[in-house]
Structures are given as structure tokens and as C-alpha cells.
Amino acid sequence: MRAHPRGFTLVEVLIAMSIMAIVALMAWQGVDAIVRSRDTTQGHVDRVLRASTVLAQWEQDLVNVQNTEPETNVPALRFDGARAAMTRRGEAGLQVVVWSRRDNAWYRWASAPARTAQALRQAWQTGQQLMGNEPNQLRTLGGLAEWQVYYFRDNGWTNPQSTAVEGGNAPPGAQQIVQAMPTGVRIVLSFDGSDGLTGHIVRDIAIGPR
């Protein structure tokens, strides 16, 4: 007798489909984990690159600090615990730059270039009265829990709010105290993780007399 071809039973088809579904689910979970891991890694890389770019700007501001205080009565560099203000050289003239922490973030403000002593003094005064809504104020990094600045003077790191008089620049009998320029600046940034960055960043920058 000739044998008739036999097909799959319904039970066999259901079992095969169940196995294929399980295999597909396992494969999808693996692909999803890879994609999530890639996105997390890319996000971390982007945040680190942004932090590096911001710190590079901080360094450029510092290395271009210009001491014009004897002639203009405008400090070259000052940190009061809340903001770091500096007078720096720019391509179009001197400008005042202020770095400050507000609303758990690090901000940078830069004035328009000044070509006269009066304009520079006005820019410095404006920088000391920032309200936070100025159009040229830039939010650079978020999640900044705290920050601290140190000056390198007399072969050691000191609190920038301590007085160090630069006698060569202060005329005899002058009432104003002129702070000696440091030869190095250290910044310590502490992040709380709310914006993807955690831990501390410490950066030492050498600056010379200007």
C-alpha cells in the first residue's frame, strides 16, 4: 500500500510557535539591553565632553586675565565665595567675566568688550549685580552641589578671600588694598548626580603675571 504524506498536527504547530515566540522574546531583550547600554554610555560621554569643554573655557578665561587694577581700579581676579569675577583680554578689548553658582548650576556671564577705563569699571559693576536673567548669561553645567576656588601664592594654596597685598602696585598712603595676583588657581567642583555627573572635579591652572 502507498503511504500518504502526513502534515503537522495542531499541537505540534502550537508548540513550534511557542518556542519561536520565546526565542524572539529573548533576542529582543538582548537587543534592547544593548541599545539601552549604548544610550547610557553615549549620554555619559556627552556629559563628560560638555564638562571638559566648560572647564576649557574656564581655563581660557584665567590664562587671559589682565591686571589693570593700578590704572583702572578694576580687580584682575576676585572670588567672594559665591562668584569668581575676572578681567580678561579679548580680541576686541578687555571684558569682565563672572562665573557663579545658582539654582544648583554653574553659570558664566561675559560683558561686552570695553575700550575705556570707564567702560571697564561699568562692566565690573554690572557683573557684581547680576540678577540671573541677563541675556548673555549662559548655564554651563547642572547638578553642581558646591564649588570652591583656591589661589597658589607664597608656595602654597590659600583661601582667595584672605588678604595678600601687592606692595609694588599700591602707592604710598593709599587706602585701597590691592591683592597680589596668584600664580595658580585651583577649582573644585562637586556634583550631586541630578544632571548625570557625580563626584568631584579638581583642576589646577597656572597663570602668570599680566
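1. The model is a predicted one, in which local features need pLDDT of at least 70 and side-chain atom pairs count only at pLDDT 80 or more, while totals for chains, interfaces and linings use all residues. Residues are numbered from 1 along each chain as its sequence is written, and side-chain values use heavy atoms, with hydrogens and water left out.

2. Now for the strands around that pair. Strand β2 (residues 83-90) and strand β3 (residues 93-102) pair in the antiparallel sense over eight bridges. Two strands count as paired if DSSP finds at least two bridges between them. Strands (E, at least two residues) and helices (H or I, at least four) are DSSP runs, numbered from the N terminus. Between β2 and β3, which form a hairpin, there are two residues.

3. On its other pairing, β2 meets strand β1 (residues 77-79) over three bridges, also in the antiparallel sense. Here Leu-77 stands opposite Met-86 in β2. This hairpin has three residues between its strands, and Gly-81 in the turn has a positive phi of about 100°.

4. Strand β4 (residues 105-110) is joined to β5 by five bridges, and the two run antiparallel. In this pair, Arg-108 stands opposite Leu-138 in β5.

5. Have a look at another hairpin, too. Strands β8 (residues 184-192) and β9 (residues 198-206) run antiparallel and are joined by nine bridges. Arg-186 stands opposite Asp-204 in β9. Five residues lie between the strands of this hairpin, where Gly-193 takes a positive phi near 90°.

6. Finally, a helix. Is Leu-10 buried or exposed? Leu-10, which lies in helix α1 (residues 10-63), is exposed, with a relative accessible area of 63%. Buried means under 20% relative accessible area, exposed over 50%, and partly exposed in between (1.4 Å probe, protein chains only).
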